[in-house]
Amino acid sequence: MTLPAEYLATPRLPLDEDGGPVFGAPWEARIFAMTVKAHEAGVFTWGEWAEALGAELAKDGDGSGETESYYDRWLAAFETLLTAKNVAAAGQLADLRKAWDKAAKATPHGKPIVLQNA
């Protein structure tokens, strides 16, 4: 799949030698795809996305000493936009994150994570 240039111009997006995005884990690819699909569905503009992600990435230099991975910041920006656009309430996202973490811990290595395992 060839991505439009606007996606590949996202700030600090890790790219491979062919110019495609690089993911260290399957969840990173999933959150990238969900963001692209939400944008394509009109949930937010790419400018709004770049602003939200930029604000999250700036937190790495905020003096707090906390440095999260690029895709942790990406996920935080995505959740912020979903909340701001009233797509999901912050409490819903927190509950879903907890359920996902619980399901992941209950799932044997190499098996697909199923929320019902929570």
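These legends accompany close-up views of a predicted model.

View 1. The largest nonpolar core holds 20 residues. Trp-49, Leu-53, Tyr-70, Trp-74 and Phe-78 have the most contacts inside this core. Two or more residues each come from α2 (26–40), α3 (46–58) and α4 (70–84). Of these, α4 gives the most, with seven residues. As background, nonpolar side chains in soluble globular proteins tend to be buried together.

**View 2. The surroundings of Phe-78.** Here we zoom in on one of the core residues with the most contacts inside the core. Leaving aside residues up to four places away in sequence, Phe-78 touches Ile-31, Met-34, Thr-35, Ala-38, Phe-44 and Trp-49. Among these partners, Trp-49 is also listed with the core residues that have the most contacts.

**View 3. A cluster of aromatic rings.** Ring pairs link Phe-23, Phe-32, Phe-44, Trp-46, Trp-49, Tyr-70, Tyr-71, Trp-74 and Phe-78 into a cluster.

**View 4. The ring pair of Phe-23 and Tyr-71.** A pair of aromatic rings is described by the distance of the centres and the angle of the planes. For Phe-23 and Tyr-71, the ring centres are 5.6 Å apart and the planes stand at 45 degrees, so the pair is tilted. Phe-23 sits in the loop between α1 (5–8) and α2, while Tyr-71 belongs to helix α4, so the pair ties together parts that are 48 residues apart in sequence.

**View 5. Helix α4 packed against helix α5.** Two packed helices are described by the angle between their axes and the distance between the axes. The axes of α4 and α5 (residues 90–106) come within 9 Å and cross at roughly 145 degrees. On the α4 side, the contact is made by Glu-79, Leu-82 and Thr-83; on the α5 side, by Ala-90, Leu-93 and Arg-97. Sorted by class, this contact has three nonpolar, one polar and two charged residues.

**View 6. Asp-101 and Ile-113.** Our last stop stays with helix α5, where Asp-101 is found. Asp-101 is partly exposed, with a relative accessible area of 40%. The C-alpha atoms of Asp-101 and Ile-113 are separated by 9.6 Å, and the two residues lie twelve residues apart along the chain.

Notes. Residues numbered from 1 in each chain as written. Predicted model: local features only at pLDDT ≥ 70, side-chain atom pairs only at ≥ 80, totals over all residues. Heavy atoms only, no water. Core = buried A, V, L, I, M, F, W, Y, C linked by side-chain atoms within 4.5 Å. Buried < 20%, exposed > 50% of the residue type's maximum accessible area, 1.4 Å probe, protein only. Helix = DSSP H or I, 4+ residues; strand = E, 2+ residues; numbered from the N terminus. Contact = heavy atoms within 4.5 Å. Phe/Tyr/Trp six-rings, centres within 6.5 Å; stacked < 30°, edge-to-face > 60°. Axes fitted to C-alpha atoms, helices over the stretch in contact; angles between N-to-C directions. Nonpolar A, V, L, I, M, F, W, Y, C, P; charged D, E, K, R; others polar.
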